[in-house]
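These are my notebook entries on a two-chain model. I record below what I looked up, entry by entry.

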Amino acid sequence: MVRPRRDEVIDMKASLLALALALASGPALAEQFVLLVHEAPEQLALRADSGAAGEVYWAKYADWGKEAAAAGIMRGGAPMVPVPAGLVGAAVEPGALVLGGFFVIEVADAATAAEWAAKLPAAETGAVEIRSAIEAPGM
Amino acid sequence: MQFTILCYETPADFARRDNPAEAGAYWAGWSAYGATLAQAGVFVSGAGLLPPATAVTVRTRPAGRTVQDGPFAEVKEHLGGFFVIEVPDFETALDWAAKAPSSASASTEVRPVLAMPG
C-alpha cells in the first residue's frame, strides 16, 4: 500500500470534515435519479457499427460518463440490447424511440438531474426521461 | 451474463404503494423478491422508481432544450423499477423475471446488458 503524502492526508481530512458537516446539516443533500435513455433505431444501430460512426457514438457516451464520474455523481447504469431478448430480430416500429439504457446519478435536485440529462447524446437524437429513484426494497 | 429485469406496473400497482390497506403487501412482495435475488447470489444492482407522474423528459434540439413534465411515452404500463442480475443464460434470467411481482400484475421485460467496447 502506498502511504498518502502529508498534504494529501490533510486534504482527505478536510474532505471528510466537509462531508461530516454536510451529513449533519439536516435534510439529505443528494437525491438519486434514473435517466432512462430513449433512442431512435438509427442511433441504436451505431452501437454495432465498427466504423467511425460507431466510434463516435460510443465516444460521446464515454465522455459523458467520464464527466459524470469526475463530478462524483455516477451511481450506476447499463446499456441494454434495445428489444427484449425474446424478441431479438423483431422489427422496431420505424421512427419510434426505444429504451436503450439507463444511468443512475446522485445530484442535489431535479433541476441538476435535468442538466445532466440534457448533456446525454440521446437528448439530441431521442429523449431522456428522468425518474426519481427510491430505495428498492430488499436491498 | 448480465441482464436487466425491467418491471412494468399499471396505474393500479403504483396506487397500491400509497394505499394504507395495500402498501404493506405491495412492498413485502418486492422486498421478498429482492431478498431472493440477493440470496441466490444473482443480484447486481437495482432501483425502484417514483410513479410516472413525477417524470420529466428532456430533449436537446438545435432550436433549444425542451423539458416536458411527464413520462416519455403515453402507455398503460410504466417502468416501476429494475434489477440487474448476473446469471449464466437468458433462460435463467427469464425464470427470475417471471418471479417478479410485476409479472403477475403487469409485465416484466428481460434485456441483456451490452458489454461496452473498449
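Entry 1, pairing between the chains. I looked up A133(A) and found that it stands opposite L49(B) in β2(B). The strands concerned are β4 (residues 127-134) of chain A and β2(B), which pair in the antiparallel sense over two bridges. I count two strands as paired if DSSP finds at least two bridges between them. Helices (H or I, at least four residues) and strands (E, at least two) are DSSP runs, numbered from the N terminus.

I note the conventions here. Residues are numbered from 1 along each chain as its sequence is written, and chains are lettered from A and ligands numbered from 1 in the order in which they are written. The model is predicted: local features need pLDDT of at least 70, side-chain atom pairs count only at pLDDT 80 or more, and totals for chains, interfaces and linings use all residues.

Entry 2, the interface. I found 39 residues of chain B in contact with 32 residues of chain A; contact means that the C-beta atoms of two residues, placed from the backbone, lie within 7 Å. On the side of chain B that touches chain A, at least two residues each come from α2 (23-39), β2 (43-49), β3 (56-61), β4 (64-69), β5 (78-86) and β6 (107-112) of chain B. Which element gives the most to this side of chain B? It is α2(B), with eight residues. Sorted by class, this side of chain B has 24 nonpolar, 11 polar and four charged residues. Ala, Val, Leu, Ile, Met, Phe, Trp, Tyr, Cys and Pro count as nonpolar, Asp, Glu, Lys and Arg as charged, and the others, Gly among them, as polar.

For the complex, the predictor gives an ipTM of 0.91 and a pTM of 0.83. Chain B has a mean pLDDT of 93, and 97% of its residues reach 70 or more; pLDDT is the predictor's confidence in each residue, from 0 to 100. Chain A averages 79, with 66% of the residues scoring at least 70. Within chain A, confidence is lowest in helix α1 (residues 6-24), at a mean of 48, and highest in α4(A), at 96. Over residues 19-27 of chain A the pLDDT is below 50, and beyond near neighbours in sequence this stretch has one contact in the model. Where pLDDT is low, the predicted coordinates should not be read in detail.

Entry 4, the fold of chain B. I recorded four helices and six strands, in the order β-α-α-β-β-β-β-α-α-β from the N terminus. The C-alpha trace of chain B spans about 50 × 50 × 20 Å along its principal axes. Strand β1 (residues 2-9) of chain B has seven of its eight residues buried, so it is largely enclosed by the rest of the structure. A residue is buried if 20 or more other C-beta atoms lie within 10 Å of its own, exposed if 12 or fewer, and partly exposed in between, with C-beta atoms placed from the backbone. β1(B) pairs with β5(B) in the antiparallel sense over eight bridges, and the bridge partner of Q2(B) in β5(B) is E86(B). Six bridges join β1(B) to β6(B), also antiparallel, where Y8(B) has S107(B) as its bridge partner. β3(B) and β4(B) form a hairpin with two residues between them, and their antiparallel pairing runs over six bridges. In β4(B), D69(B) stands opposite V56(B).

I looked up the largest nonpolar core, which has 50 residues; L35(A), L36(A), I105(A), A117(A), V128(A), I130(A) and I5(B) touch the most other members. Such a core is a set of buried Ala, Val, Leu, Ile, Met, Phe, Trp, Tyr and Cys residues joined through C-beta atoms within 7 Å. Not counting residues up to four places away in sequence, V128(A) touches residues including A117(A), L120(A), T57(B) and V58(B). In helix α4 (residues 110-118) of chain A, the buried residues are A113(A), A114(A), W116(A) and A117(A). Seen down the axis of α4(A), they fall within an arc of 160 degrees, so they line one face of the helix; the arc is that of the directions from the helix axis to the C-beta atoms. On the other side of α4(A), A111(A) and E115(A) are exposed.

I located L46(A) in the loop between α2 (41-45) and α3 (52-70) of chain A. L46(A) is partly exposed, with 18 other C-beta atoms within 10 Å. Leaving aside neighbours within four places in sequence, L46(A) is in contact with A53(A), G54(A) and Y57(A).
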